[in-house]
Each structure stands twice: as structure tokens, then as C-alpha cells.
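Please keep the sequence and the structure in view while reading.

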Amino acid sequence: MNQTNKNTEQPYAIEMINLNKWYGDFHVLKDINLKVKHGERIVICGPSGSGKSTVIRCINHLEEHQQGQIMVNGKEITGDIKQLEQLRTDVGMCFQHFNLFPHLSILDNLTLAPIWVRKIPKAEAEATAMKYLKRVKIPDQANKYPGQLSGGQQQRVAIARSLCMNPKIMLFDEPTSALDPEMISEVLDVMIELANEGGMTMVCVTHEMGFAKQVADRVIFMDAGQIIEENTPTEFFDNPQSERTQLFLSQIIAH
Amino acid sequence: MYVTDHILPALPAPSDSKGVLHWLKTNLFSSPINIVLTLLGLLLVYKILPPIIDWVFINATWTADNSAECKGEEKGACWAFISNRFGQVMYGFYPPEQFWRPNLAGILLILLTIPLFFEKTPKKVILGGFVLVVFPFIAFVLIHGGYFGLSTIETDKWGGLMLTLIISFVGILCALPLGIILALGRRSNMPIVKSICVIFIEFWRGVPLITVLFMSSVMLPLFFSGGTDFDKLARAMIGIILFQSAYVAEVVRGGLQAIPKGQYEAAVAMGLSYWKSMFLIILPQALKLVIPGLVNTFIALFKDTTLVLTIGLFDLLAIVENVLGSDSAWLGFHTEGLVFAAFVFWMFCFAMSRYSMSLERKLHTGHTH
């Protein structure tokens, strides 16, 4: 933990208490309890269908939970639309399939939310956008369209797009899973840089174990809608406790 | 083991795989059957085309003061008939000394619209909004009159191409936004909103337009007995708008369904409200996707305006068919009238079609979902 928010009333950026969720009859999240401190960097991993994406999608209420509580920056998430819109401006999210807006140029993708949600003047929003495009190392692509960029570039644009809103929390939903092998490292480099700057709470669903070892404060392993194990990266990889974790690690490292 | 020692350069394609001759060889004369079919096709064109060209252009009478000059052996089409009755064809029973009013409205529309086709025009949104929202009222004041010392010309005097264009313009202008709202409503999570939209769409899509027009002119006055007898043209327009909006709604819904859920999620995840994410993210993409379907609907609407004849409004076709067709001074030129009307309709529909294709090209950003 290198940076802890001074706000002692709200020690946790994200707090999940006995979270349960069903898709129809399917119990997808079972009693999830998770506390993420301000500035903490969490990696969630697990086999597909384990509910790891659903967990982070509950944090900005892209998925609705049926039981339990989620607190973000001390405020409980309800279905209230105004509160949600406010919450989402503070929580950035990057998706597996980038979800850039294909009809808008890269620059317009980045300035859209600052202009329409934060009501920032266009010139200022564009300056901020260029600043973040430089940080993800593609300022020269500003006037192109998403369809003209490679997958790795698109994901970096997506990260920059979230950063333009100055979020306190960043959620990453398998950001490198849809990328060609050659492009994974360029996205991870950006994420590692972001993590090393500190100050921002990051929750990443990813299978990039190298990334987890390098930057995560904690690794959470999920299976069948449940948190199986939670530990520091070193302990998690060197000394996994549960059998399920051992099996998972042996399978992903075997190849 | 093999390691390449040089990188191969890109070469131009072999020359016998392109060009006119190659195209003819592969498409028209590739096999004995194709050769026979091509020759038969050419023969058919040779038999049909020259007589048509003769009738339409070469032997046609372009100017004449009366029908006698058009008649006789070897005479082709009598376009003089159309030019003699041009006022009626364009404006119906609108008083000739007031033709300048619809003309002015038309010129105004053209002048306002031209800048919209140029990339660099500043404040295009405001100008576009002006054309769509303010202009119809200006045109109404001009054509209908009753204000600023303009004499009132009731809508039953309106007719011809002018009426066709007015009904289509207003129909498209109002049916599009209404259809979009209905499409969004049909996909809403709110059960009441959704049911209302479904019922509305299914009702209007399920009845014939003629029925709607009859109902609007025959039955509505029965419901609003006394005093509230509002304009026949307005009633017909409302009928057409409601009818077409149901079609537009289903076309737009098709586009909405083609947009991946991730687009909406990305939009709301940044804090955009439902309406902002719809208007900024989802609809621009969905509408672009359904341009062919929308234009299809608009072309159908344009041609469906001819049905207003059934309630006693005289659009272009009705003027040509029913008014000029029974004009005793010019009897016997029925075909010319119909060909002319068909040509005018085709011209407008073709223009819409070409415009939609250029719009698609312009909006293409190298991405398909």
C-alpha cells in the first residue's frame, strides 16, 4: 500500500458486503465480500464463467445485484439514476472489446464525456485529451477513426478515454483478452505505468499473471461465483492454499 | 531448415485480368450460351429502344397552341399538352397570379439547403434546424397566406407537384422523429411505454393507408361534430405521418438491434444519461446503418402521397389523370400525362436514392460491427 487516501471516514474505495446475484435461476455471485482501499491495485483472476467480470460490472452498476451491499467511496449503490450517473463519472472502465465509438474520431471519443457530462469547454477537453493520448503514446492518431487503429491502439485509446474523466477508480475487464499476442505488451505497459504512478484505485480482471506479479497489491481468485482465495501476489503464486487455486495455476502456467 | 534471404516486392496485377475487353470476355461472351443470350439481348434492345426514342424525342411535338397540331400520322408524344397546362400540373387550382408565392418558398428552400451539402459551411446544425423547424412555417405563411396582407388561399386549391412535395416533405420530416421515439419506446424496459409503442406500431402498420385516409376525411368529422372541422389536408397529413412513423419505427429498431450492447455500456459507464447516450452514441450509428431502409420507406411515402386523390386532394398524378385527362381542349393525350407524371416521380425517387448512397459513403468510418 503506497498511497492511502487521507479521508479516514471512507477508508475503502470499494466495499462489497455479502453480494449475491442471479441471472434468472443461475446463482452467479455468491456472498462476495471484498474491500478495496483507496489507491489499492487488485487483480481478479479465475476460470471463465467464474463471475469475475460480473463482480466488477456490479461496481459501476452495469449489472444489478439482488442481495447485499456495494459501497463506492462510502456511498451505497442503489438504482437511483442521478446517483448512478454521478458515480460513473468517478469510476472509469475499460472493456475487453474496447467499445470505442466507431462513428467518432479518436479525439471526439475522448472529449465526448468531458464535454457532455462534466460540461468542460471544448478547447480545454481537447487539451486534456491530447495530454492523455500522449501518455498512451498515440497522439498522432487523434484524427483517425477507431476502425483505422490496431487492437492494441484501440485499447490504449479506451484507457485514455476513461482517464479524461479523471476517475478515482479504474476498472479493467479483461483488457488484453481480445488482443493479438504482439499487442498485449503495449497495453500492459500503459497499465503498469498507470499503476506505478499511484493514487488511483485499480481493479483488473485479467489473466496476465506477469502484470499481477508486477503491480498488484492483492490477487483475488474466483471460481463458480465465489472468492476462493485472496493473497499478496508473491504468496498467491508461490504458495497457493486451496486445491482449486493450485489446479488453476498449474493449468495456466503449464502452457 | 529454411530462412528467406530477401523480402519479396509487391508486383502489379497481370494486365489481362483487367480492362474493357477482359470484362466483355468474362461477362458477356464467356460461353456459347452466354454468347447467344448476349446477342438476343442486343436484338431485343434494338427492337424496343428506337421506337421509344422516336416517340419521346424525335417525333414529339414540343410546342403547340392547340391539340390539332399534335395530331396526325407519324406524330410522337405531345409534350406541348404538358407545357400548355404546366401551371395546373405544378400548382393544381392555385390562382396563377399567386404562383410567385410557392415559387418563392421553393427557391428559399433550395437556397437554404444548398449550403448544407458543403462540408465547410459554418453553423450547419443551426441552418439545418432552421430548414427543418422554421422553414415549414415560413412556407405555410407564404403559400396559405392570411398574414402580412397575403390573400388566403385555402388548401383545397393546392395541388399538383406542389401538393405532392408538401405532403412528402412534411410526412418525412415528422415521421422520422416520431418513428425514432417509437423505436426507442419499443425497446424500453418500462412495460407501459413499451406496450403503448407496440400497440401503436402494430395498429398503424396493420391498416391500409387508404383506410387511414378515408377515416381521416370521412369519420373524424363525425367525431368532432360542429366547429372543430379542421383542414382536410392537415387531416390527411396527420394520417400519413402516423402511418409512416410505424414503418420508420420498425426500420430504426432494426438498426438499434444491430448496435452491440457494449456501445451503450461504454456510454453509460462514462456517466452519460440514457438520452445522451442514445442521441450521441447509439442513434448516429443505428441510423447510419438503416439509411437504405429509411430511404426505402421515404420513397414509398413519396409515392403513397398519390393516394390522397381518394379523399379529393389533387396531387401531381391526380391532376394529370383526372383533371387534364378530362380536359376537352386536349383530349386523347392520356399517355403523355402518365409518362410525364411517372418521369417526375422517378426523378425525385432517384435523387433520394443517390443522395442516400452518397450519405452512406460520407458516413463510412472504416468500421463495421
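**From one residue to the interface**

Glu265(B) lies in helix 11 (residues 261-269) of chain B; helices here are DSSP runs of H or I with at least four residues, strands are runs of E with at least two, and both are numbered from the N terminus. The model is a predicted one, in which local features need pLDDT of at least 70 and side-chain atom pairs count only at pLDDT 80 or more, while totals for chains, interfaces and linings use all residues. Residues are numbered from 1 along each chain as its sequence is written, chains are lettered from A and ligands numbered from 1 in the order in which they are written, and side-chain values use heavy atoms, with hydrogens and water left out.

With a relative accessibility of 9%, Glu265(B) counts as buried, a class that means under 20% relative accessible area, whereas exposed means over 50% and partly exposed lies in between (1.4 Å probe, protein chains only). Apart from neighbours within four places in sequence, Glu265(B) is in contact (heavy atoms within 4.5 Å) with Arg57(A), Leu62(A) and Phe95(A).

Side chains of opposite charge can pair when their charged atoms come close. Arg57(A) and Glu265(B) form such a salt bridge, at 2.6 Å from N to O; the term requires a side-chain nitrogen of Lys or Arg within 4 Å of a carboxyl oxygen of Asp or Glu. One salt bridge is found across the interface of chain A and chain B. A network of salt bridges links Arg57(A) and Glu265(B) with Lys21(A), Glu63(A) and Lys261(B).

The contact as a whole involves 24 residues from chain A and 22 residues from chain B. Together the chains bury about 2,000 Å², 66% of it on carbon and sulfur atoms; this buried area is the accessible area (1.4 Å probe) that two parts lose on being put together, summed over both. On the side of chain A, Phe101(A), Pro102(A) and His103(A) lose the most area to chain B, together 27% of what that side buries.

Over all chains, the structure holds 21 salt bridges. One of them joins Glu174(A) and Lys52(A), with the closest N and O atoms 3.7 Å apart. Glu174(A) lies in the loop between strand 7 (169-173) and helix 6 (181-197) of chain A and Lys52(A) in helix 1 (residues 52-59) of chain A, so the pair ties together parts that are 122 residues apart in sequence. Both Glu174(A) and Lys52(A) are buried.
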